[in-house]
Amino acid sequence: MNSLAEQSNKTANKTSSKPRRMLLAWGLLIIGMLLSIQASWLPAKAWLSQQLIQHSWQQAMATQANTVSANYPQTASKPWPWADTFPIAELAFQRLDKSLVVLNGGDPTTLAFSAGAIAPFNQTNGTKPFVVAGHRDSHFSFLKEVAMKDIISLTDTQGRDQLYQVERIDIVDAASGQLPLLADESNLVLITCYPFEGIGNDANERYVITARPI
Amino acid sequence: MFKSNKKLALVDYQDSYYYLQKRKKQRRKWYKLIALGLLLSLLIVVIAPLARANTVNNAQENQTETASNGLIHGPQLVFNHPEQLQNIALPIDISADIEVNGLVAYAKIKQVFINPYNLELEAKYQFPLPEDAAIKHLKVQVGEQEIIGQIMEKQAAKAVYNSAKQQGKKASLVQQQRPNLFTNNIANIPAQSTVVVTLEFIMPVTFVDNKLSLTLPLAITTRYHSNDDQQSKTQQEIELTAPIAKSLADSQASINIALNAGASISTINSNSHKINSTAITQDQSSYLITLTHEQALADRDFTLHWQLQASQQPQISSFTEQVNGEYFTLLTFFPPQLESSATLARDIIFIIDTSGSMQGNSMTQAKTSLEQAILQLNEKDSFNIIAFNNTVDLLFPITHMASQRNIGQAQQFISRLQADGGTEMYRPLSQALIMDKAQQQTEKAIRQVVFITDGAVANEFELMQLLDGAQRNFRLFTVGIGAAPNGYFMKKAAQFGRGSYVFIQNNADVQSQMSALMAKISHPAISNISLMFDNQVHQQVEAYPKKITDLYLGEPMQVTLKSKLPITSVQVMGDTATLPWYQQVIVDDSRSAQAVSTLWAREKIADLLDSLVTGANKEQVKTEVIATSIAHQTLSPYTSFIAVEKPLENNVLTAKNRASTAKRQAKSLARAHENLMVAMPRTALGWHQQLLIGVLLMLLASLLLRYNKSKADAGLHEGNQHE
């Protein structure tokens, strides 16, 4: 720092364009650094929140185990006190040795923390499909490794397990923002943006994995 | 101990200023190199997958078919001709029999297609059902082959499927990519033969500004409005195919409509076709409508508009249907056409969710729509706003009249709202239920609670208990925004609170949908409606909706009833702004009306399914739903619409014959599903892009610095030399 300042002092009387260029360089450096920090904050937040969510999920499972017979409506345990959502289920991909706690809700705030189950398709015991959306560049980045016939297990807040087998992988146009679903099949539907390595945050295609209960 | 008084200073030449500077310089050089290396590797990490993505993309593009079908505006048959990929045939004859009962229409459309080729072909039948239509029955006749489509229990449907699959070819499961496009595969259509398809479905009648209308999709022009290049290619192919042009010219339609409006009709017209209408009742509530030219060209959709005679009193019409020894009655309430000043005053409370998840567009839209809603209030209305996240913020302690001053205050309050924090719904809701109304407000004013949220409701049982225990009479309107709201709670709460539920999936629509809701509920004409039956009948009546909503200006309403005994009269009571209101409806059961039981069954099934959430026996509910669904031919989660070839009687079972039937059976299977739309949220953070830009900037800056330095060094050298 010192020497740079010295240098700039030294060269200042030589040419007048030097300090300006210097200033520009430092400005660029600072902006670049800020951008990078902000950018790395997003995945960092995604990772950190996943840890908290895992914790609260384990807690929820523990309390569930304690109050087995209680017919009391499930108490949602929030991952952090001011959270606007709660863990709803855990997805485990056996082949990929990967698991992820899914939050309730599909709004941007929720999706920043983990993959989210989109209402009204967020009932694990219902007859309707269970739909989970996640970011392609954080929580759902591993979806590209999911292959046909893969087995996915879904554990709900009551500790019940349901196995699903990947039946279809589609790439659909998302210009309309809506995806038609067969209402009467209790499939598991995973949605993320496509292509996986695309840059920017507005993708017009979605990668949709449909898994059938087995 | 040895102790030296002498201070010994060892001066190492390495510590001299010169060397210090030199080492510092060297160190700095290393730092810079390391930083540059780090930056470069980061850049590579970010860029490499992008480069790979491009190659992967290219490889995958060939394999994936983007699922999109163009808009189809009329019935058509797509032949699987070996030479041309797709050949669309249009019906040469359409005859439609439609029965309108109040606000519901039952349509039976018969279409005749021709296989113009000299080949036995397979084809796919497509019919664009009108919005919110529900299919009830399908019959396809090809030569001696007859395919019947109906609603079956899912298990049974699956069994049929699998047996067909095992017997021979792959059973093709029809997946709908677009809601309400009904498709069915038909195999073995002989050369130069006809295919007759009869489709039965029910659909709602649209009611806007006291005008009723009905649209039938018959148009066989303007298909395929797609920007997709591939689509337009197929379109060109279609237009060039000669048989199509011919069948277009020959296409003819006849339409017969029995219009039972339920109240006296003032005008009937059709914008699309010339029609004849004949009144068949004296009060001019029923008409028979046919096309003027018996065989009119079916080159456009058929639309019919009618208007009811203005009435100062609400009109109630009744339609009946008897199914399996049970009596179904449909009561349609048409609101009076009054001056809006003659309606009831409202005491309205807006509850708005300002939790963190509302951030961004949802909040902006919600605020704008709330501002508009406040401006739409009448002078006789009173209002209040409750904003909540994990805390509750009130505009006024009690509701205030909608005066200029109060509205100004409200606007300020709204503009200050910011989205942050959690979602705690219990307190705001309970406050809204017990809040006192403004002293100037009249006794009869209706407490309307408009509850706007995007939040997932976690404690729905507590909330339902809260609503259940409420002492005051209130109406609850729930507005769900975005992909997340808990539809079950919102729907049930609104039903319970005699209101309605609006679900706004796309947050760009918040404003328009909200103002539509506000307009709808702004003029309650009759409130506290209740029905009374004869004593014998009363015990056995099952009515939906269970709690009858208020009747608003411009908003007709339907109530469906089921009873063991025929209902001959119903007494309807309620309150208007000035007087109690009473009307006796004499139910005319001499004529059976279609679709009445279906309407009832739909509500019944929805109600049964909702009971699952509150812990009803799953098996019992399932049995009941299946029974209701099959009896009234309406879809449910446990039943499917399946088309199976009818086994021909007196058919000699030869080996060859059996094989071919199995094949045909497999191919003619089709299923119509109830399709739901799910919102697809944005699922990309886009941090790669940002990181890339950041790293590039940093790289640029360091290059610039280096350049500066080398220049400076060069300058110094130069200076030194000169000196």
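Reader: Let's start with chain A: what percentage of its 214 residues is buried?
Author: Happy to begin there, and do keep in mind that this is a predicted model. A residue counts as buried if 20 or more other C-beta atoms lie within 10 Å of its own. Among the 214 residues of chain A, the buried share is 43%.

Reader: How many helices and strands does chain A have, and in which pattern do they follow along the sequence?
Author: Chain A holds three helices and nine strands. Reading along the sequence, the pattern is α-α-β-β-α-β-β-β-β-β-β-β.

Reader: Where is K149(A) found, and is it buried or exposed?
Author: K149(A) is in the loop between β4 (130-133) and β5 (151-156) of chain A. Its phi is positive, near 70 degrees, although the residue is not a glycine. There are 9 other C-beta atoms within 10 Å, and 12 or fewer count as exposed. K149(A) is therefore exposed.

Reader: And R498(B), is that one buried or exposed?
Author: R498(B) also has a positive phi, about 55 degrees, without being a glycine. Its place is the loop between α9 (487-496) and β26 (501-504) of chain B. With 21 other C-beta atoms within 10 Å, where the cut-off is 20 or more, R498(B) is buried.

Reader: How are the axes of α7(B) and α8(B) arranged: roughly parallel or roughly antiparallel?
Author: Helix α7 (residues 426-434) and helix α8 (residues 460-468) of chain B have axes that come within 10 Å and cross at roughly 5 degrees. Angles under 35 degrees count as roughly parallel. So α7(B) and α8(B) are roughly parallel.

Reader: Which residues of α8(B) take part in their contact?
Author: By class, the contact has four nonpolar, one polar and one charged residues. From α7(B) come Y426(B), L429(B) and S430(B). On the α8(B) side they meet E462(B), L463(B) and L466(B).

Key:
Residues are numbered from 1 along each chain as its sequence is written. Chains are lettered from A and ligands numbered from 1 in the order in which they are written. This is a predicted model: local features need pLDDT of at least 70, side-chain atom pairs count only at pLDDT 80 or more; totals for chains, interfaces and linings use all residues. Axes are lines fitted to C-alpha atoms, for helices over the stretch in contact, and angles run from 0 to 180 degrees between N-to-C directions. Helices (H or I, at least four residues) and strands (E, at least two) are DSSP runs, numbered from the N terminus. Angles under 35 degrees count as roughly parallel, over 145 as roughly antiparallel, 65 to 115 as roughly perpendicular and the rest as oblique. Two residues are in contact if their C-beta atoms, placed from the backbone, lie within 7 Å. Ala, Val, Leu, Ile, Met, Phe, Trp, Tyr, Cys and Pro count as nonpolar, Asp, Glu, Lys and Arg as charged, and the others, Gly among them, as polar.
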